[in-house]
Amino acid sequence: MMEFSPSLQIEDVSVLSEAVRTWYRHNHATPTEQSTQLLCSAAVDLYNQGHRTREELVTLLIIKFDSPDSLEVKAPSSTSHH
């Protein structure tokens, strides 16, 4: 089970979740469990690096993941064309 830092307040969690929701709206993407886990993890990492506002977090998430396709795990496909 993941433990939150005692210094992480409900307002902080709200900022993080709103940043992730805004990323989905910006990209017209439908949330999935895998993509949400990846975005939340990235948002927490950015938060821990000192990016504390929704605007900063959204901007950095959009730069890091510029489209829903950028969240896909790249797996080799047997039908890929070379």
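Predicted model: local features only at pLDDT ≥ 70, side-chain atom pairs only at ≥ 80, totals over all residues.
Which residue follows α2, and is its phi positive or negative? The residue that follows α2 is G50, and its phi is positive, near 110°.

Residues are numbered from 1 along each chain as its sequence is written, and side-chain values use heavy atoms, with hydrogens and water left out.

The chain has three helices and zero strands, where helices are DSSP runs of H or I with at least four residues, strands are runs of E with at least two, and both are numbered from the N terminus. Along the sequence this reads as α-α-α. Of the 82 residues in the chain, 24% are buried; buried here stands for under 20% relative accessible area, exposed for over 50%, and partly exposed for what lies in between, with a 1.4 Å probe and protein chains only. Among contacts with a separation of 6 or more, 59% join residues 24 or more positions apart, a contact being heavy atoms within 4.5 Å.

Now to the core. Leaving aside neighbours within four places in sequence, L61 is in contact with A19, V20, W23, L39, A42, A43 and L46.

The ring centres of W23 and Y24 are 5.3 Å apart and their planes stand at 85°, so the pair is edge-to-face; the criterion takes rings of Phe, Tyr and Trp (its six-membered ring) with centres within 6.5 Å, and calls planes under 30 degrees apart stacked, over 60 edge-to-face and the rest tilted. Both W23 and Y24 are buried.

Back to α2, where S35, L39, A42, A43, L46 and Y47 are buried. They cover an arc of only 140° around the axis, which puts them on the same side of α2; the arc is that of the directions from the helix axis to the C-beta atoms. On the other side of α2, E33, Q37 and N48 are exposed, and what covers the buried residues includes α1 and α3. For Y47, the charged end of R52 sits over its ring, 4.1 Å from the centre, the test being NZ of Lys or CZ of Arg within 6 Å of the ring centre and within 35 degrees of the ring normal.

Helix α3 holds R54, which is partly exposed, with a relative accessible area of 31%. The C-alpha atoms of R54 and V15 are separated by 5.4 Å, although these residues are 39 residues apart along the chain. Beyond neighbours within four places in sequence, R54 is in contact with V15, E18, A19 and T22.

Finally, H28 is in the loop between α1 and α2. Most residues other than glycine have a negative phi, yet H28, which is not a glycine, has a positive phi of about 50°. H28 is exposed, with a relative accessible area of 74%.
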